[in-house]
Amino acid sequence: GDKYCALICQSDSDCGTGSCQKIMGVGLCTYDATETAALESMTTQVAVATNPTHYGNPSSGCESDEQAVRVQGLSGDFCSPKCDSTGSCPSDVPKGDTATPECALRTTTGDKYCALICQSDSDCGTGSCQKIMGVGLCTYDASEKLAVETTMTQVADATNPTHYGNPSSGCESDEQAVKVQGLSGDFCSPKCDSTGSCPSDVPKGDTATPECALRTT
């Protein structure tokens, strides 16, 4: 899994304009999450077994070219392959599904992912059709995981002057806007380098310590 950095804090005073939210005894500097019109996808840990097609249930494992994603605001998750350079998606769908694969999700870095677009539950085989902003997506009941899950969100074009800033002001080019499952806020997070080190530049007023504290699946 890719490892990402966060600002580890003891109290709100460590976080400048952010707040110190704690999960499993670890404090992370976060900002009030902004509502975005774009779909937000959440990467989630999945089993080792693999579905026979794309767009399957993450509890059975995803294909090697897929992420298990959860769209912010929906309770279910599903396996999602990347769109190709032309915006096309793999056409193989789970048995019983009649929903249409479309290039419907985007991460903060501009990567585009596919989802099954549905009108009703009957389009989704063993899944269900959950709607957000009028768009139906085939999802499966999300299994509870103990691992920290990060949410990738679309952010504004403007950019913070340092790492670890507020996604509403835009993240640096080497950052993702992440939200830790169980916390209400989000923050910009750069990848840890190969030695596990993190960029040391922090927002003005922050005294929290950058650490390699997050990992994706």
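What pLDDT does the protein average, and what percentage of the residues score at least 70? The average is 78, and 80% of the residues reach at least 70; pLDDT is the predictor's confidence in each residue, from 0 to 100. This is a predicted model, in which local features need pLDDT of at least 70 and side-chain atom pairs count only at pLDDT 80 or more, whereas totals for chains, interfaces and linings use all residues. Residues are numbered from 1 along each chain as its sequence is written, and side-chain values use heavy atoms, with hydrogens and water left out.

**Stop 1: the whole chain**

Display the protein as a cartoon. The secondary structure comprises zero helices and 14 strands; these terms denote DSSP runs, numbered from the N terminus, with helices (H or I) of at least four residues and strands (E) of at least two. Next, show the surface. The accessible surface comes to about 10,300 Å², and 46% of that area belongs to carbon and sulfur atoms; the areas come from the Shrake-Rupley method with a 1.4 Å probe, and for residues only the protein chains shown count as cover. Of the 217 residues, 48% are buried (buried is under 20% relative accessible area, exposed is over 50%, and partly exposed is in between, with a 1.4 Å probe and protein chains only).

**Stop 2: confidence along the chain**

Colour the chain by pLDDT. Confidence is highest in strand β8 (residues 112-118), with a mean of 89, and lowest in strand β11 (residues 150-152), with a mean of 38. Now select residues 34-49, where the pLDDT is below 50; beyond near neighbours in sequence, this stretch has 62 contacts in the model (a contact means heavy atoms within 4.5 Å). Then select residues 144-158, where the pLDDT is also below 50 and the corresponding number of contacts is 51. Where pLDDT is low, the predicted coordinates should not be read in detail.

**Stop 3**

Show the cysteine side chains. How many disulfides are there? The count comes to nine, a disulfide being a pair of cysteine sulfur atoms within 2.5 Å.

Select Cys9 and Cys20, which are joined by a disulfide with an S to S distance of 2.1 Å. The torsion about their S-S bond is about 95°, so this disulfide is right-handed. Because Cys9 lies in strand β1 (residues 3-9) and Cys20 in strand β2 (residues 19-23), the pair ties together parts that are eleven residues apart in sequence. Both Cys9 and Cys20 are buried.

Move to Cys15 and Cys29, whose disulfide has its sulfur atoms 2.1 Å apart. Why is this disulfide left-handed? It is left-handed because the torsion about the S-S bond of Cys15 and Cys29 is about -80°.

**Stop 4**

Select Cys103, which is found in strand β7 (residues 100-106). Is Cys103 buried or partly exposed? Cys103 is partly exposed, because its relative accessible area is 29%. Its disulfide partner is Cys83, which is buried, with a relative accessible area of 12%. The torsion about the S-S bond of Cys83 and Cys103 is about 105°, so the disulfide is right-handed.

Finally, display the contacts of Cys103. Apart from neighbours within four places in sequence, they include Gly87, Cys89 and Tyr113.
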